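Open the model in your viewer and keep the selection tool at hand. Each stop tells you what to pick and what is there.

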Amino acid sequence: MSKELRIGFVGSGGIAEAQVESLRKENVPGVSVTAAADVSADRLKQFGGKYGISQLYADWREMIRNPDIDAISVCTPNNLHFAPTVEALKAGKHVLVEKPMSVTAAEAREMTAVSKEENRLLMIAFQHRFSPSVQMLRQYVKDGSFGEIIYVRAQALRRRGIPSWGVFGRKEIQGGGSIIDIGVHVIEMGHYVMGSPRPRTARGSIHTYLGDKPCGVQCEWGKWDHTTYTVEDLGVGFLTFDNGAAMTVKTSFAAHVEEDIWTIQVMGTKGGGTSAPAKVFFDHGGYMLTSTPAYLDKYDPFDFKMRHFAECILTGIPCEAPAEDGAAVQTMLEGLYRSAEKGAEVTLD
């Protein structure tokens, strides 16, 4: 295994800064951030100055040709994930790509195939599967405590959480709204806990009714740009899998609900549980029991994700957020949007 990991960043915005901060906080021996590329010269200069990065590139293609870089983190808008990922893998680099993996399932499958052909790690930035409560649920599934998993409910609901920065409201760049931006997280959490079964069908419904209008209420993130808003406020769906299990998905940037909700619920033939709050449900001794763990590890899943990426490369441990999972999630996301457009259930490839 390698003893050194030199990382370059494609994109130097907020998510790139968060990743660098995590890498520094985790302080994994042998890991260094050595280069960055961005089309914005001002942003790139600021990023380089803040983190002491001297190798700065206007063109990411030039950066990935640098033999002194071992891995690339792709922190661009969604529609710009594919090309840097594929080219970096072909250049012999390991890659961490932000969620969602891409904007189409076909691109996600090609990214996965290239990583296998080049024998390089392609990890998807699915940090929420690393949270202590999700790890708890995954362990109960793995050891059989929940029995056969038959249903997952995944919810990522914001009462009024339309981002007022970036390009989150532009479908041509992001690929969609609440489903692809925050729904992706709870879908990947549920899929991971289930054991990553193959998705089979999707039925989706999307609605825009607030984001394309001026903000008329006080809210945490303030006024968004309604003039360029072309994504859904609310997206819901129903997914089935080849093992017979099903998942319902509820997501919103803006909805008339009492409070924000971010959780998955897992139901099996012997038991079940929720991620938030962290609880498990069993029958025992003639009683229906609800249990809460007396203690769960306390760590930031985002930080854990960055350490995991580095350790997968440096030590060879198995990746818990592999390209195959990203491609499966992308297939589900695309299926929900295809179904919503068609107005009927679709079969997933």
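Start with helix H5, where Ala 105, Ala 108, Met 111, Thr 112, Val 114 and Ser 115 are buried. Buried means under 20% relative accessible area, exposed over 50%, and partly exposed in between, with a 1.4 Å probe and protein chains only. Helices (H or I, at least four residues) and strands (E, at least two) are DSSP runs, numbered from the N terminus.

Before moving on, note that this is a predicted model: local features need pLDDT of at least 70, side-chain atom pairs count only at pLDDT 80 or more, and totals for chains, interfaces and linings use all residues. Residues are numbered from 1 along each chain as its sequence is written, and side-chain values use heavy atoms, leaving out hydrogens and water.

Now show what covers those buried residues of H5: the cover includes helix H4 (82-90), E5, E6 and helix H10 (323-342). Just after H5, click Asn 119, which takes a positive phi of about 55 degrees.

**The parallel sheet**

Select the six strands of the open sheet, in the order E3-E2-E1-E4-E5-E6; their pairing is parallel. Two strands pair if DSSP finds at least two bridges between them. E3 (55-57) and E6 (122-124) stand at the edges with a single partner strand each, so one side of each has no neighbour in the sheet. From one strand to the next, the twist averages 25 degrees.

Axes are lines fitted to C-alpha atoms, for helices over the stretch in contact, and angles run from 0 to 180 degrees between N-to-C directions.

Next, pick Phe 9. Which residues does Phe 9 contact, leaving aside neighbours within four places in sequence? Among them are Ala 16, Val 20, Leu 23, Val 33 and Met 63. Contact means heavy atoms within 4.5 Å.

**The antiparallel strands**

Move to E8 (residues 199-207) and E9 (residues 234-241). Eight bridges join these antiparallel strands. Pro 199 stands opposite Phe 241 in E9.

Gly 235 stands opposite Thr 251 in E10. Four residues lie between the strands of the E9 and E10 hairpin, where Gly 244 takes a positive phi near 95 degrees.
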